[in-house]
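Q: I would like to learn how to read side-chain contacts in a model. Can we go through some charged pairs and then some rings?

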Amino acid sequence: MFIKKILVVILLLVMPLAGWGEIIKVLDIPTALTILRGYYDIEFNAYGGGGLQTKVAIGLTDRIMLGISEDVGGAIGNHKSDWNIPGVLAKINILYPDMDTMGLAIGYDALLSGEYGKAYNNQITDEIVYGAYLAISKSVMLFQGEQFFHLGTRFPLLPYEARIKGKNISMYAGLNIFFSPDIMIAGELENIYFSGGRGKEILYNTGLKYNFTEALSITLNFQYTPSREINPMDRVSRSLLLEYQNIFY
């Protein structure tokens, strides 16, 4: 009986999902979607400078997900490792998007990912900045199919220096387009600050996502910023994201 139970658990873990999993984020920006009750999502994001970001989340209900994230700069290669205290991530869905209804969610997570994203976080403080966000998702008809447009606002909360006078409150926007059951492309704008004079701090993300199976996907992301302080060589930073989403119980 014990061996049978172990086999059942293994089958549940490797059993593929039916179709695409929930798109809980596009490339870096969060959407209004959450993973469903009993499902889990695991991400490994390898970015420039040998950095590695890991996120694990589980659906507590169909509208509430909770997880943990860890970012290690220089985890790969001969760079000095930069460990950070693991952070909590959470999202509560208020409305699910469809052709007639706008999706809405609130959440809490690290603000930015990737080589340039982490550099911007460290400009604010010398630690990763965590913050709340409001996410909006809307279904739109493009290229003879249903695609999704996303818009949101980020509110840095920790540490205290990040939220002084609200100077680091920002907006983001993104669009994901499904070209086939296996391929999705996406584009994003991040760091659109409410405070003026910070146009050079906008982050531009584009990426291509491919589903190996219904549960396992890989995303190649290209990140760019016009800031010469962050990007003195005027280059595009590449990162690779592996994501696995399946049912746990």
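Q: Is Lys-209 buried or exposed?
A: This is a predicted model. Buried means under 20% relative accessible area. Lys-209 has 6%, so Lys-209 is buried.

Q: Which side chain meets Lys-209 in a salt bridge?
A: Side chains of opposite charge can pair when their charged atoms come close. Here the partner is Glu-243, at 3.4 Å from N to O. Glu-243 lies in strand β13 and Lys-209 in strand β11, so the bridge ties together parts 34 residues apart in sequence. Glu-243 is buried too, at 9% relative accessible area.

Q: How many salt bridges are there?
A: The count comes to 7. Among them is Glu-43 with Lys-25, at 3.1 Å from N to O. That pair links distant parts of the chain: Glu-43 is in strand β1, and Lys-25 is in the loop between α1 and β1.

Q: What lies over the face of Tyr-193?
A: Arg-198 does, at 3.5 Å from the ring centre. Arg-198 also forms a salt bridge with Glu-201, and both of these charged residues are buried.

Q: Why is the pair of Tyr-40 and Phe-248 called edge-to-face?
A: Planes over 60 degrees apart count as edge-to-face. The planes of Tyr-40 and Phe-248 are at 90 degrees, so the pair qualifies, with the ring centres 6.1 Å apart. The two residues are 208 residues apart in the chain. Tyr-40 counts as buried at 10% relative accessibility, whereas Phe-248 is partly exposed at 47%.

Q: Which residues do ring pairs link into a cluster?
A: Tyr-40, Tyr-244 and Phe-248.

Technical notes
Residues are numbered from 1 along each chain as its sequence is written. This is a predicted model: local features need pLDDT of at least 70, side-chain atom pairs count only at pLDDT 80 or more; totals for chains, interfaces and linings use all residues. Side-chain values use heavy atoms; hydrogens and water are left out. Rings of Phe, Tyr and Trp (its six-membered ring) pair if their centres lie within 6.5 Å; planes under 30 degrees apart count as stacked, over 60 as edge-to-face and the rest as tilted. Helices (H or I, at least four residues) and strands (E, at least two) are DSSP runs, numbered from the N terminus. Buried means under 20% relative accessible area, exposed over 50%, partly exposed in between (1.4 Å probe, protein chains only). A charge sits over a ring if NZ of Lys or CZ of Arg is within 6 Å of the ring centre and within 35 degrees of the ring normal. A salt bridge is a side-chain nitrogen of Lys or Arg within 4 Å of a carboxyl oxygen of Asp or Glu.
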